[in-house]
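Colleague: I've just opened this one and could use a quick tour. Can we go through it together?

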Amino acid sequence: MLAEKYAERIDKIFSKYPTKRSAVMPLLYIAQEEYGYVNLQGVEEVATLCELDPTQVKSIAGFYTMYRERPKGKYWLHICTDLACALRGADEFYEEVLHELKLDHDNDTTEDGTFTVEHVMCLGACDRAPMLQCNFHFHENLDMDKMRELIAKWRAEKS
């Protein structure tokens, strides 16, 4: 399915690399975009495209935090809780966001599938913490008032 639907993008990706194997990561982004996460079908399709064993592709997807291996919400919130951010209140901020969205550490996606919240290590904005990355876009110098505004905005966009 990926090969047909995204043929032009895939060709462009392959043109940037000396070997097909080198294109695994950008192709995994396409699979994640298509399926909402990197599922078994996506892994197998990327493996076929790159002429690799699916186990090799699965190991790459499992290693990097930017690939989700189970369904995620429309808004994927990564909150940095590394030491530098924690010193600026990131741990408490993370817990408050979970509470606001009625989530916990074991249940990271809202029932309606709108939000997935994960803590991550280092997004490179230590001096602007608490911060988060939503669908690969940064939001910095946050507090819960600003966060509630973002949540309301994203909920409205989902409708």
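Modeller: Let's start with the whole chain and then look at its parts.
Modeller: This is a predicted model, where local features need pLDDT of at least 70 and side-chain atom pairs count only at pLDDT 80 or more, while totals for chains, interfaces and linings use all residues. Residues are numbered from 1 along each chain as its sequence is written, and side-chain values use heavy atoms, with hydrogens and water left out.

Colleague: How many helices and strands does the protein chain have?
Modeller: There are 8 helices and 4 strands. Those are DSSP runs numbered from the N terminus, with helices being H or I of at least four residues and strands being E of at least two. In order from the N terminus, the elements go α-α-α-α-α-β-α-α-β-β-β-α.

Colleague: And what does the C-alpha trace span along its principal axes?
Modeller: About 50 × 35 × 25 Å.

Colleague: What percentage of the 159 residues is buried?
Modeller: Buried residues make up 45% of them. Buried means under 20% relative accessible area, exposed means over 50%, and partly exposed is in between, using a 1.4 Å probe and protein chains only.

Colleague: Let's zoom in on H3. How many of its 12 residues are buried?
Modeller: 9 of the 12, so H3 is mostly covered, with buried being the under 20% class. The buried ones include Val24, Leu27, Leu28, Ile30 and Tyr35. H3 covers residues 24-35 and reaches 16 Å from its first C-alpha to its last, close to the 16 Å expected at 1.5 Å a residue. That expected span is 1.5 Å times one less than the number of residues.

Colleague: What covers the buried residues of H3?
Modeller: The cover includes helices H1 (2-5), H2 (7-15), H4 (40-50) and H5 (54-63), along with strand S1 (75-80). Just after H3, Gly36 takes a positive phi of about 90°.

Colleague: Which residues touch the most other members in the largest nonpolar core?
Modeller: Leu2, Ile10, Leu27, Leu28, Val46 and Val57, out of 23 residues in that core. A nonpolar core here is a set of buried Ala, Val, Leu, Ile, Met, Phe, Trp, Tyr and Cys residues joined through side-chain atoms within 4.5 Å. H2, H3, H4 and H5 are the elements giving two or more residues to this core, and H3 provides the largest share, 6 residues. Apart from this core lies another, of 19 residues, among them Ile79, Leu98, Leu132 and Cys134.

Colleague: Back to Leu2, what is it in contact with?
Modeller: Leaving aside neighbours within four places in sequence, Leu2 is in contact with Ala7, Ile10, Ile30, Ala31, Glu34, Tyr35, Glu45 and Val46. Contact means heavy atoms within 4.5 Å.

Colleague: New topic, the backbone. Which peptide bond is cis?
Modeller: The one from Ala129 to Pro130 is cis, with omega near -10°. Pro130 sits in the loop between strand S2 (115-120) and strand S3 (132-134). Most residues other than glycine have a negative phi, and most peptide bonds are trans.

Colleague: What is the phi of Lys102, and where is Lys102 found?
Modeller: Phi of Lys102 is near 60°, a positive value in a residue other than glycine. Lys102 is in the loop between helix H7 (90-100) and S2.

Colleague: Is Lys102 buried or exposed?
Modeller: Lys102 counts as exposed because its relative accessibility is 72%.

Colleague: And what about Phe136?
Modeller: Phe136 has a positive phi of about 75° although it is not a glycine. Phe136 is in the loop between S3 and strand S4 (137-139), and at 40% relative accessibility Phe136 counts as partly exposed.
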